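Subject: Structure for your review

Dear colleague,

Please find the sequence and structure below.

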Amino acid sequence: MTEVSKGHAGEPHVHRGEGCGCLAADLAKAEEILAELSPVDSGDLIPLLQRLQDAYGYLPADVLAEVSERTGIPLSRMYGVITFYTQFSTTPRGRHTIRCCTGTACHVRGAKDVAEALLHEVDVEVGGTTADGRFTFENVACLGTCFLAPVVMVDDEYFGQLTPAKARAIVKNYS
Amino acid sequence: MKENTEKGNTVLVNIDGREVAATVGSSLLDAALAAGIHIPHICHDPRLTPTGACRLCLVEIEGERGFQTSCTRTVAQGMKVRTQTEGVRASRKNTLELLLSEHCVDCLTCDKDGDCLLQDYSYEYQADKARFPNVAPAAGEPNYTTESFALEYDPSKCVRCQKCVRYCQEVQMAEAITMANRGGSIEVSTGIGISLNESSCELCGGCVNVCPTSALYDKQAKGLGRSKDLKKVRTTCTYCGVGCQMDFNVNPKTNRIVRVTSEVGCIPNNGSLCVKGKYAFDFVHSPERLTTPLIKENGEFREATWDEALALVGKRMTEIRDQHGPDAIAFLSSSRCTNEENYLMQKLARTAGRTNNIDQCATTCHGPSVAGLGESLGSGAMTNAIVEIEDVQTLFLIGANPTEAHPIVGLAMKKALRKGAKLVVCDPRDTWMAKRADIHIKHKPGTDNMLINAMMGYIIEKNLHDPKFVEERCENYPAFLENLKGYTIEKAAEECGVPAHLIREAAEMYAKGTPSSIFYTLGITEHSCGTNNVRNLANLAMLTGQIGKRSSGINPLRGQNNVQGACDMGAMHMALSGYQKVTDPAVRAKFEAAWGVTLPTNVGGRVTDFMEHAGEGKLKAFYCFGEDPIRSEPNSTKLAEDMAKIDFLVSQEIFMTETAKLADVILPATCFAEKDGTFANTERRIQRVRKAVDAPGQARPDWQIISQVATAMGYPMSYNDPGEIYDEMAALSPNFAGINYERIDKVGIQWPCPTKEHPGTPFLHAGRFTRGLGLFQAIPHTPPVEVPDAEYPMILSTGRTLFNYNIANMTRKTAAIEHKQPENFVEVHRDDAAAIGIKNGDMVKVETRRGSLVVKAHVARKVRPGMIWMAFHHEESNTNLLTNDAFDTTTRTGEYKACSARISKP
Ligand code: SF4
Ligand code: SF4
Ligand code: SF4
Ligand code: FES
Ligand code: FES
């Protein structure tokens, strides 16, 4: 593969090997991880992706392409794994993740209003990351704590029986 | 990987009360299907690892609880199986209804209507599409195929059987696609959702061919006819020498080829195709096709009638023949055309033309194989069958890039690798195979004999040769041995520019890895020492006894669809059909009696001689059939000048080529999709070519045109059909005598096949060489005619790529191919690129002593430093302006693989 690429729907540029000229100095982190885990084969894919995600905060397309080139693990195989597990993301993530429950119990208790208040408060779209990199906002099915409905999680912490006002107050505590 | 090598062992299984014999290791489903017992199955394909994803092949096995997926169960002696109980039928119906709930059930407007497993099974089980609420994904969202011209993915039709992904991973090994996401949103995607063209996709279309529904479909075929309206015509691919069997899906209402498919189980390709076989047929219906005879008057072509054109050709050719003698007239036959047409072409030359000046493009490619292997072993053909490749233990590839040039042979090699074969690749580039090789010798172009001699010396030193084989089956060993003395590993390492230990390891791996097999192509032959290269590879095989067995031998992969056949048919100066020497009195007598003429006695020449003679003004009339020498021979500028000196030039063609433009008369021909006949593939298998559509305009089948030209030249020729021509040829040629159209209707036969009872010959030289004793020859290393110097410090090598075919006037008519490879390029090592300050994607000027071109640079580490590599597919940027018209000393094959060059910023 030699041509420089652009994905179909404005997807990120994918690095095409040497001379491509696209790579930021950032590759250093990936190199370190590869060196540490070497020799890497397909069996190490999940730990490898976890390490990369920890290092970069997400899985940048260019880094994945380079890692694929060096390890011989096809990009398609990585992508299958990345999209299978929710822990992985190919877009930059905020420092904190807001998970807003949209399950039935939460829904009937006003989860929609809570969500709207939060979206407005931090200024983001569902699935997106705030411009200041503070939050990534996700809707999730049932968080399994229906007795607390409506429920929102921020990082690993649960907040229950929320109202729009309470929710706004909570996120103010994160920077 | 379900790759069972045990053969012949069977077990008995009871299926629905019937005793069925099944091969050990086969799946229950395959065993049932082979016995004609119908079990529905969507995710199964005998080429793929079973996954049990669709759950339609459920059966009951006695003594086991619940239902089992028969595709994932291996047969066992005494197994009792029931396939049609109420329970399994109800479960299958339920599964189908769930599938339908995720499917946009739209048979009215679906291209697959009539050839869809989901449709068939839903009907069979009367599945109710409304039983569950429909949750099919939306159609029309952009996905990885949106920008592709080749294929289209519609997730609303996808049943998530994963066959496409498994095919891409396991068979093609392209790893372009995957199943992305989870649960209800699972879909097919490339890595990170990039477009198909930017992924590692090779456009083989295998994913489309395996898809049980219309979820993956050929984009250009959409709307041109539903599957149930299409008629399948089995034929042989017209591109490379693999000779894949494929089915033209023709819409009889529109006289159009709609798409190409291939059937699992067919020989030699088992349902797989490459991008050319699958997609490069648009040229057939191109508006640029020649449709009427043309005569040049005052430098302009005018349309003419057939009668006029034929009369003119007849008159001028005979005049020149009579005035200037047999060496003033020459015929160039075509390895792109059928056996029948090649046979007729040489008959035309030798009867009406009264000359042995007949050749075809084997001179341009595998002339050295025909000559070199013919001399050493007695037959110039590939010694083994394609199906034997998967059982080779050590694949020895030299100057061959099968995954691009012979992709289906490439698939067979991939299969061998999956089964654990070792791989040695000698190639100056990092090809697909080289990257996966156990040993990659990335030697300098033109140092093959240095390498091979050193390897052989080492093999003898380490006692890894086969003295018994050498003693009993070969001759001239002492002279050969004497010659090896000068070639030490150290010297070779130095000359070839590779580490010495790699040469030693390669020699050992090849000698020990029984069965080992050599595969080579034009990286060996297209050198001024091409025939010597071939002779030396024969030495290597004989020395180690790695020849004359199943899965072991020396295999030139032939370039063109019928270059094997064109040689077989005697379209060359020194032999008649079946390699019968034109100087042999008995042979002459036989043909003279059959043809009713006295055969010509001039020696005759090769295409490169013809061109030289044209330049000298000695060649006055030239009949050029299905070839474009101006584009395909080296040093195009000089060649065009030489050709312009010919008094009377005839071109029998399907397109207006560069050569045709110079012609006095152009005769419009039919392409392979419009006529009947046979091709011989690289493994000597004679296979049928069948007419699928009508020819455009007044174009005529070549065999008719040749007969009419012969008649116009005063030698009456007439045949009712190609079968008749074949039978005439077979009766005169012992190698092919046992073959007729009836015998090869389903599966082709590999010659030699001397009698009607003979099954054909999968591998050659068993027990005895065709020649008798194998001939060892002392081969010196000689450098290319042009070697790098201060002025032109680099080596330019050329070749072809996966996506286009040679001069590409056929393949480039396909949008998907043009999209993938729109322009010429040069591969440059990044150190050399850095030295002149260019980056990947920049334009660069490439110069040789013969010409210069400005092309895009592909900068990487694919080629050796000091070397550049180019393909020759693009008319607007003709690489053969640069190549050297230096020739192999025996066969006059051009030295395309090495000349001196330099690069600079334009
Ligand atoms: S066309 Fe061939 S290489 Fe491309 S995705 Fe389909 S199976 Fe893979
Ligand atoms: S696209 Fe076709 S082959 Fe691939 S998973 Fe969907 S239905 Fe199966
Ligand atoms: S491998 Fe050769 S014969 Fe087969 S489809 Fe491709 S070009 Fe045609
Ligand atoms: S529905 Fe929200 S936690 Fe269960
Ligand atoms: S064919 Fe067996 S589960 Fe699909």
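A:Gln161 is found in the loop of chain A that runs between strand S4 (157–159) and helix H7 (164–172). Its phi is near 45°, a positive value in a residue other than glycine. A:Gln161 has a relative accessible area of 48%, so it counts as partly exposed. Please note that this is a predicted model.

B:His765 is not a glycine, yet it has a positive phi of about 70°. This residue belongs to the loop between strand S30 (749–750) and strand S31 (774–775) of chain B. Is B:His765 buried or exposed? Its relative accessible area is 4%, and because buried means under 20%, B:His765 is buried.

Two cis peptide bonds also deserve attention. One joins A:Ser38 and A:Pro39, with omega at about -5°; A:Pro39 sits in the loop between helix H1 (27–37) and helix H2 (45–56) of chain A. Another joins B:Ile267 and B:Pro268, with omega at about 10°. B:Pro268 is placed in the loop of chain B between strand S12 (256–261) and helix H6 (275–279).

As for confidence, chain A has an average pLDDT of 81, and 86% of its residues score at least 70. Over residues 1–25 of chain A, however, pLDDT stays under 50.

Next, the ligands. Around ligand 1 are nine residues of chain B to look up: B:Cys168, B:Ala174, B:Ala176, B:Cys201, B:Glu202, B:Leu203, B:Cys204, B:Gly205 and B:Cys207. By class, this shell holds 7 nonpolar, 1 polar and 1 charged residues. Ligand 1 takes up the space of the second largest cavity. The residues around ligand 2 include B:Tyr153, B:Cys158, B:Arg160, B:Cys161, B:Cys164 and B:Cys211. The shell of ligand 2 divides into 10 nonpolar, 1 polar and 1 charged residues.

Finally, two further residues of chain B. B:Asp359 lies in strand S16 (residues 358–359) and counts as buried, at 2% relative accessibility. Beyond its neighbours within four places in sequence, B:Asp359 has contacts that include B:Phe331, B:Ser333, B:Met572 and B:Arg606. B:Gln704, in helix H26 (residues 702–712), is partly exposed at 27% relative accessibility. From B:Gln704 to B:Gly894 the separation is 190 residues in sequence and 32 Å in space, C-alpha to C-alpha.

With kind regards

Methods
Residues are numbered from 1 along each chain as its sequence is written. Chains are lettered from A and ligands numbered from 1 in the order in which they are written. This is a predicted model: local features need pLDDT of at least 70, side-chain atom pairs count only at pLDDT 80 or more; totals for chains, interfaces and linings use all residues. Side-chain values use heavy atoms; hydrogens and water are left out. A residue is near a molecule or strand if one of its heavy atoms lies within 4 Å of it. Ala, Val, Leu, Ile, Met, Phe, Trp, Tyr, Cys and Pro count as nonpolar, Asp, Glu, Lys and Arg as charged, and the others, Gly among them, as polar. On a 1 Å grid over the protein atoms alone, a cavity is a set of points where a 1.4 Å probe fits but cannot get out, and a pocket is an open set with protein on both sides within 12 Å along at least five of seven lines; lining residues have an atom within 4 Å of a point. A molecule sits in a cavity or pocket if more than half of its atoms lie within 2 Å of its grid points. pLDDT is the predictor's confidence in each residue, from 0 to 100. Contact means heavy atoms within 4.5 Å. Helices (H or I, at least four residues) and strands (E, at least two) are DSSP runs, numbered from the N terminus. Buried means under 20% relative accessible area, exposed over 50%, partly exposed in between (1.4 Å probe, protein chains only).
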